[in-house]
Amino acid sequence: MSDTLVRSAQHLSKVFAARSEEFENARRLPDDVSAAMATAGFYRMFVPQNLGGLETSPVVSSQVFETLAQGDAACGWVAFIAATSGSALARIEASAAKQMFSSADTMIAGVFAPNGKAIKGDNGYVLNGRWQWGSGTQNADWILAGSMIIDPQQSADAKPRAHMCLVPAEDVEFLDTWHATGLRGTGSTDFQLTDCHVPSAHIVGLEVRNMPDTPLFQFPNFTLLALGIAAVSLGIARTALDKFVELAQAKKRASSSVSIAERSHTQIQVAEAEAKLRSARAFYYDSLGAAWDRAAAGAPVELEHRRNLRLATTHAVMASSQVVDCAYNLAGGVAVYQSSDLQRHFRDIHVATQHIMVAPSTLETTGRLFLGLPTNTATL
């Protein structure tokens, strides 16, 4: 199945590349594009097998996201959001999960940040809130909404707990807020819920707190989100550099008789960019492979491996950004026009770098661990 997923990503990447302008203008993925990714199995890569999911290795899923992003970054981004969101089904009661995942094409997407308040009543919870960065939610069947769970019957000093609530898409109000510089096709719009009833069985980790003991769900679940961001970034950088090389062989600067490719400055810059991208990618997949080997063998993924994963993901995004900047700058004035793919890659990568999962603070966390200092490792 792993080879099939990657081959499907390679095929769809080429198809989607020709539609990037359409995705940008729509500011979301068209339904047929989302349906094609669902049919390919991308949205159920992290869904438990007992529900009809694939429990795909994160190594393979990262290859899928990276490959999709080489064609269109928005497609790779929505795919990793949906796949990661699907893992939530492992932490709700099985009968409720089966009702939600009634079809292999079911899509879940949402926001993990606890921006909502779910107040316990006589028959479940009442949820209100507004969430940003709802990537892919307009294509989804079920929406994840991170929320603080509040029980009025508890003592006054009891602290609310953060959980994710699963709600049907028809209960969600989508707001037209996604007017962004890059990753426009992701449809990462705000959404809100008003007095939405949520059964306790639909709150992730409330009634079922432990993950299944299969390898995927013993892998650091919080890391899956960061892995997807890095994979998409690597895909953007790869296609940006390739596009520039193609351009450089034909383009000449004003008053120059040689192509950009024949200039020594270009040659040095491209060599450095290629080394930077390949090195970052090698570190990423090396760290990912080592951690996954531990999980697949039934061994705990130790702090050392989790540290390396977070450093590798943040480094991959930062290195990818530098590579795209290099390609964009070397291309000169032609890169600023909408007819140039390089301007889209430039905008897309600089939105990806803003995600909190790959923020500079992750370097502080991993750096403290390398230095043997006391460190809060909750985000690892």
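L54 is buried, with a relative accessible area of 16%. Here "buried" means under 20% relative accessible area, "exposed" means over 50%, and "partly exposed" is in between (1.4 Å probe, protein chains only). The areas themselves come from the Shrake-Rupley method with a 1.4 Å probe, and for residues only the protein chains shown count as cover. L54 sits in the loop between α3 (31-39) and α4. Its C-alpha atom is separated by 31 Å from that of A26, which is 28 residues away along the chain.

A quick word on what you're looking at: this is a predicted model, where local features need pLDDT of at least 70 and side-chain atom pairs count only at pLDDT 80 or more, while totals for chains, interfaces and linings use all residues. Residues are numbered from 1 along each chain as its sequence is written, and side-chain values use heavy atoms, with hydrogens and water left out.

## Two helices, end to end

Helices and strands here are DSSP runs, numbered from the N terminus (helices: H or I, at least four residues; strands: E, at least two). A helix's expected span is 1.5 Å times one less than its number of residues. Helix α9 (residues 264-296) has 33 residues and reaches 47 Å from its first C-alpha to its last, close to the 48 Å expected. After α9 comes G298, with a positive phi near 85 degrees.

## Salt bridges

Side chains of opposite charge can pair when their charged atoms come close. To count as a salt bridge, a side-chain nitrogen of Lys or Arg must lie within 4 Å of a carboxyl oxygen of Asp or Glu. The whole structure has 14 of them. One of these joins D31 and R28 at 2.8 Å, N to O. D31 is exposed, at 55% relative accessibility, while R28 is partly exposed at 23%.

Which parts of the chain does the E66 and R281 pair link? Their side chains meet in a salt bridge at 2.8 Å, N to O. The pair ties together distant parts of the chain, with E66 in helix α4 (residues 58-71) and R281 in helix α9, 215 residues apart. E66 is buried at 4%, whereas R281 is partly exposed at 37%.

R294 also forms a salt bridge, this time with E302, and the closest N and O atoms are 3.4 Å apart. R294 is partly exposed at 28%, and so is E302 at 39%. Elsewhere, salt bridges that share partners join R238, D242, E274 and R278 into one network.

## A negative patch

D105, D141, E170 and D171 form a negative surface patch. Patch members have over 30% relative accessible area and no salt bridge; like charges are joined within 9 Å, and nonpolar side chains (Val, Leu, Ile, Met, Phe, Trp, Tyr) within 5 Å. Lys and Arg count as positive and Asp and Glu as negative, with His and the chain ends not counted. A charge is placed at NZ of Lys, CZ of Arg, CG of Asp or CD of Glu. D141 lies in the loop between β2 (124-134) and β3 (142-150), and is partly exposed at 37% relative accessibility.
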